[in-house]
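Student: I want to check the labels on this model against their cut-offs. Can we go through them one at a time?

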Amino acid sequence: MKNIINDKKAEMTSEEVVKIILAVIGIGILLYLAWSLYGIFSFKRDIVQAKASLETLYNQIHFVEIGEKNNIEVLIESPNKWWVIAWPYEDGVSDELGNKPIQCIGDYCICLCPIPILESKDNSLENCNDQGICKSVSKPIMTLDESNDNEPLKIKGPISLNVLLKEGKIIIKKIKNEK
């Protein structure tokens with residue numbers, strides 16, 4: 001019996017090699033399609049989460065705008081790797097050209113947008129136009145990080161924000177995490 005096994009050589013024909021190569025290519029295509037579908041559904045989930053989070057934030061901003069409340073705390077939970085960004089950035093100018101997202105109908109607005117790859121607010125206009133969710137507000141608005149710098153507020157898990165009206169401006173300030 002030992003001789004029978006040793007006598008058969010494990011040779012592969014060119015036809016078998018082609019079948020193996022086609023199988024590997026087929027599996028690669030299926031994996032790519034699966035990853036693409038996951039990305040599509042994941043992004044749609046992020047959009048739904050962003051709309052809900054912005055609606056929650058906007059409702060609190062509205063209470064401050066109309067003077068019903070002076071200072072409100074709001075919790076934003078998702079989507080991760082997005083940020084809360086106010087337009088315009090500084091002194092009534094959105095950027096060098098005075099641009100703002102196309103969704104911003106009035107002079108001022110608040111948006112949730114995917115964080116650009118370079119994490120620069122200079123690159124965020126395109127992301128906000130392509131994928132962001134924005135709502136217009138009637139008063140100047142700005143976002144302040146924990147160091148009180150006028151910066152977009154990154155969402156990396158739940159963040160607590162304080163919405164208040166100060167000197168005619170709506171301020172959205174990230175509340176420091178106490179550890």
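Tutor: Start with glutamate 167, in the loop between β7 and β8. Helices and strands are DSSP runs numbered from the N terminus (helices H or I, at least four residues; strands E, at least two). This is a predicted model, where local features need pLDDT of at least 70 and side-chain atom pairs need 80 or more, while totals for chains, interfaces and linings use all residues. Residues are numbered from 1 along each chain as its sequence is written, and side-chain values use heavy atoms, without hydrogens or water.

Student: Why is glutamate 167 called exposed?

Tutor: Its relative accessible area is 77%. Exposed means over 50%, buried under 20%, and partly exposed in between (1.4 Å probe, protein chains only). So 77% puts glutamate 167 in the exposed class.

Student: What makes the phi of glutamate 167 worth a note?

Tutor: Phi is positive, about 55°, and glutamate 167 is not a glycine. Most residues other than glycine have a negative phi. Lysine 81 also has a positive phi, near 65°. Lysine 81 sits in the loop between β1 and β2. At 67% relative accessible area, lysine 81 is exposed too.

Student: What is the peptide bond from tryptophan 87 to proline 88, cis or trans?

Tutor: Cis, with omega near -5°. Most peptide bonds are trans. Proline 88 lies in the loop between β2 and β3.

Student: How many disulfides does the structure hold?

Tutor: Three. A disulfide is a covalent bond between the sulfur atoms of two cysteines. The test here is a pair of cysteine sulfur atoms within 2.5 Å.

Student: How do you know that cysteine 104 and cysteine 109 form one?

Tutor: Their sulfur atoms are 1.8 Å apart, so the pair meets the 2.5 Å limit. The link is right-handed, with 45° about the S-S bond.

Student: What joins cysteine 111 to cysteine 134?

Tutor: A disulfide, S to S 2.1 Å. The torsion about this S-S bond is about 110°, so the disulfide of cysteine 111 and cysteine 134 is right-handed. The pair links distant parts of the chain: cysteine 111 is in strand β3 (residues 108-114) and cysteine 134 in strand β4 (residues 133-137), 23 residues apart.

Student: Why do cysteine 111 and cysteine 134 count as buried?

Tutor: Cysteine 111 has 0% relative accessibility. Cysteine 134 has 10%.

Student: How far apart are the sulfur atoms of cysteine 113 and cysteine 128?

Tutor: They are 1.9 Å apart, and the two form a disulfide. This link is right-handed, with 110° about the S-S bond. The pair also spans distant parts of the chain, from cysteine 113 in strand β3 to cysteine 128 in helix α3 (residues 124-131), 15 residues apart. Cysteine 113 has a relative accessible area of 0%, hence buried. Cysteine 128 is at 0% as well, and buried.

Student: What pattern do the disulfides follow?

Tutor: 1-2, 3-6, 4-5, counting bonded cysteines along the chain.

Student: What makes a set of residues a nonpolar core?

Tutor: Its members are buried Ala, Val, Leu, Ile, Met, Phe, Trp, Tyr and Cys residues, joined through side-chain atoms within 4.5 Å. The largest one has 25 residues; Leu57, Ile61, Ile110, Leu161 and Ile172 have the most contacts inside it. Elements giving it two or more residues include β1 (71-76), β2 (82-87) and β7 (159-166). Helix α2 gives the most, seven residues. Leucine 57 touches, among others, Val74, Ile110 and Ile172 (contact means heavy atoms within 4.5 Å), leaving out residues up to four places away in sequence. Apart from this core lies another, of eleven residues, including Ile85, Cys111 and Leu125.

Student: Why does valine 24 count as exposed?

Tutor: Its relative accessibility is 55%. That is over 50%, so valine 24 is exposed. Valine 24 lies in helix α2 (residues 14-65).

Student: Which secondary structure elements does the protein have overall?

Tutor: Three helices and eight strands. From the N terminus they run α-α-β-β-β-α-β-β-β-β-β. Of the 179 residues, 36% are buried.
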